[in-house]
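Take a look at the model, then follow the points below.

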Amino acid sequence: MAERVVEEVSNKQVILRDYLSGFPKESDFEFKTSKIRLSVAQGRIIDPRNFDGKLMKRLIKPIIGYGVARVIDSGHPNFKKGDLVWGMTGWEEYSLITEPETFFKIEHTDVPLSYYTGILGMPGMTAYAGFYEVGSPKEGEYVFVSSAFGAVGQLVGQFAKLKNCYVVGSAGSKEKFTSISVANFKFPDHDFCCFKHVLFYLCFPDGIDIYFENVGGKMLDAVLLNMRLHGRIPGCGMISQYNLEETEGVHNLFCLITKRVRMEGFLVFDYYPMYPKYLDMVLPLIREGKITYVEDIAEGLENAPKALIRLFSGHNIGKQVDLLKDKFGFDETFNYKEEHDLDKALKRCLPDGIDIYFENVGGKMLDVVLLNMRLHGHIPVCGMISQYNLEEQEGAHNLFCLITKRVRMEGFLVSDYFPMYPKYRDMVLPLIREGKITYVEDIAEGLENAPANKVNRGIENVGKTQR
């Protein structure tokens, strides 16, 4: 039997010269040509022609991103030569895929193949999961989408219109507003200095039910002031913060409490098992012309760095300690006012991370906790006492952890739960009588001592004050 001849070809690649600092520039990229053999071992596939991608900080190896490709050779039973696929490939002409199980075979070719890097790929699934699964929309709600003409945002807006919602979108350049008719939702002027006023008086006089978060920073701060009761904020991205040396603080998080808002980060990977369901929904809408997708296409691998830079510039379209431990039975405790490094204190007490953080403090404590949350953690927001009497509230800088760790952060007011008081009483009274629960009070005798006790509250007091 004749030995199989394996072809070796040149492979043009885009790589990073060094780790990035700040926003990417053309000088951060270089082109390299290497050799690749068009044959693979069992369990792998090889594919050419990456159409599109997003930045990953990997040196020497090519930048990676989502792409569409045709299989040249395969050792995996689910793929054969000639199959069209989409998934994570390199910015190069040919890629050796070592985890083919993460790829999706393309079965529908009556739509542009580039759609599989957009509406039929990761961005589409992101819009679907964030809006429907995290946002939980209801008919006729008020929806605001930031970065509304990006690869994800333009779809969220249209999904919301299909749900008969009132939809407003913002974008990073006035040129994008000329395509309002394409997406069929409103675009106000993107002026951060007056944006909260634009939102309140012009676009959302009754407030916002769902804010699809793509931007972060000042935008998120303005939106929080305008959220309606029991609103939802799916946290998809915070593009304004990605390349800053120090992220901007968010100052209006107390609105999560007063308005009982749920803010929940998510990653699309968790929802990929729903991809067939998404295709069943969106393909008929595309074919019937009920949904539109606008792409920003750069022809040729040599133009990929410029296209990526445009993405970040906004020009793209498309894509008390002893008492706690000894009397209350806490496993570990620390005094946050005496700790010089809160992150080290948390890691000492909770080396495996935090599942639930009951938020009463805010500020620096919240920022450090966010870094230590576990996947799918929960943050019930009861109060932020460190912030109440500041002239200017401290900003929270690590909110992006809500997205990467899929954390749910939800404000609440006890008054909403007063109907459950009989249920609570039935649970807690037996525990008190059996000595299974302890309550420590700080009692000031006489009305004349109430002011002094109030002043010391949060400094020397323990428990609640009785007059």
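K105 is partly exposed, with 33% relative accessible area (buried means under 20%, exposed over 50%, partly exposed in between, using a 1.4 Å probe and protein chains only). This is a predicted model, in which local features need pLDDT of at least 70 and side-chain atom pairs count only at pLDDT 80 or more, while totals for chains, interfaces and linings use all residues. Residues are numbered from 1 along each chain as its sequence is written, and side-chain values use heavy atoms, leaving out hydrogens and water.

**Salt bridges**

- K105 pairs with D83 in a salt bridge, their closest N and O atoms being 3.6 Å apart (the rule: a side-chain nitrogen of Lys or Arg within 4 Å of a carboxyl oxygen of Asp or Glu).
- D83 lies in the loop between β5 (73-74) and β6 (84-90) and K105 in strand β8 (residues 104-105), so the pair ties together parts 22 residues apart in sequence (strands are DSSP runs of E, at least two residues, and helices runs of H or I, at least four, numbered from the N terminus).
- D83 is buried, at 9% relative accessibility.
- A network of salt bridges links K80, D83 and K105.
- D416 and R260 also form a salt bridge, at 2.4 Å from N to O; D416 is partly exposed at 32%, whereas R260 is buried at 14%.

**Helix packing**

- Helix α10 (residues 342-349) packs against helix α11 (residues 363-372) at an angle of about 50 degrees, with the axes 9 Å apart (axes are lines fitted to C-alpha atoms over the stretch in contact, and angles run from 0 to 180 degrees between N-to-C directions).
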